Amino acid sequence: MAQSVYIESSVISYLVARPSRDVVVAAHQAITEAWWQSQRAEFDLFVSSLVIQEISRDDAAASEKRLQAVENIPLLATSPEAQRLAEDLLAKGAVPANSEEDALHIAIAAAGGIEFLLTWNFKHINNAQTKAVITTVVESHGFACPILCSPEELGAEL
């Protein structure tokens with residue numbers, strides 16, 4: 001059985017965005033494309049209604065590309081347990097109070113038993129300073145914390 005991966009919105013945004021002139025963003029785009037082409041078939045992928053909501057925002061043409069990228073990926077439910085976990089991640093400061101959606105991504109993946117949460121969000125999700133606190137809060141709710149990582153960390157090859 002393949003390992004499971006929750007695809008957070010930032011990954012989809014990098015996947016279909018117009019090429020950037022910013023060196024770091026362009027690198028993230030290239031790594032994301034490489035991961036999507038060479039690695040995604042190795043995993044069971046999941047998104048959530050929150051991902052769909054986030055990638056549907058803004059420019060209609062761009063959001064259509066993002067939605068097409070995930071159209072065949074199963075949706076994880078936002079369970080009551082995930083909602084409570086997200087609230088606790090915020091209350092305990094594992095995720096900043098103004099980042100409810102980031103906390104909910106982590107909680108949905110954890111409550112869904114997902115092994116990896118794939119993200120380019122280094123500020124609130126894949127952050128070396130907060131991963132231990134996130135893990136502690138998730139485990140206090142009886143869930144295993146997904147490995148919080150970028151496509152580069154999950155085996156993308158350029």
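**Figure 1. Overall dimensions of the predicted model.** The radius of gyration is taken over C-alpha atoms, and the globule rule is 2.2 Å times the number of residues to the power 0.38. For the 158 residues of the protein, that rule puts a compact globule near 15 Å. The protein has 15 Å, so it agrees with the rule. The C-alpha trace spans about 40 × 30 × 30 Å along its principal axes.

**Figure 2. Order of helices and strands.** The protein holds 7 helices and 5 strands. Starting at the N terminus, the elements run β-α-α-β-α-α-β-α-α-β-α-β. Take contacts between residues at least 6 apart in sequence: 72% of them join residues at least 24 apart.

Figure 3. The accessible surface of the protein comes to about 8100 Å². Carbon and sulfur atoms account for 52% of that surface. Buried residues make up 48% of the 158 residues. The protein carries 10 positive and 21 negative charges.

**Figure 4. Helix α6, a mostly covered element.** Helix α6 covers residues 100-111, 12 residues in total. From first C-alpha to last it reaches 16 Å, close to the 16 Å expected at 1.5 Å a residue. How many of its 12 residues are buried? The count is 9. They are Asp102, Ala103, Leu104, His105, Ile106, Ala107, Ile108, Ala109 and Ala110. An α-helix has 3.6 residues a turn, so residues three or four places apart point the same way. Glycine 113 follows α6, and its phi is positive, near 70°.

**Figure 5. Glutamate 33 in helix α2.** Helix α2 spans residues 23-38 and includes glutamate 33. Is glutamate 33 buried, exposed or partly exposed? Its relative accessible area is 33%, so glutamate 33 counts as partly exposed; that class lies between the 20% and 50% cut-offs. Cysteine 145 is 112 residues from glutamate 33 along the chain. The C-alpha atoms of glutamate 33 and cysteine 145 are separated by 26 Å.

**Figure 6. Serine 150 and the residues it touches.** Serine 150 sits in the segment after β5, the strand at 147-149. Its relative accessibility is 1%, so serine 150 counts as buried; the cut-off for buried is under 20%. Which residues does serine 150 touch, leaving aside those up to four places away in sequence? They are Leu118, Thr119, Trp120, Phe122 and Asn126.

Notes:
Residues are numbered from 1 along each chain as its sequence is written. This is a predicted model: local features need pLDDT of at least 70, side-chain atom pairs count only at pLDDT 80 or more; totals for chains, interfaces and linings use all residues. Side-chain values use heavy atoms; hydrogens and water are left out. Helices (H or I, at least four residues) and strands (E, at least two) are DSSP runs, numbered from the N terminus. Buried means under 20% relative accessible area, exposed over 50%, partly exposed in between (1.4 Å probe, protein chains only). Contact means heavy atoms within 4.5 Å. Accessible areas come from the Shrake-Rupley method with a 1.4 Å probe; for residues, only the protein chains shown count as cover. Lys and Arg count as positive and Asp and Glu as negative; His and the chain ends are not counted. The place of a charge is taken as NZ of Lys, CZ of Arg, CG of Asp or CD of Glu. The expected span of a helix is 1.5 Å times one less than its number of residues.
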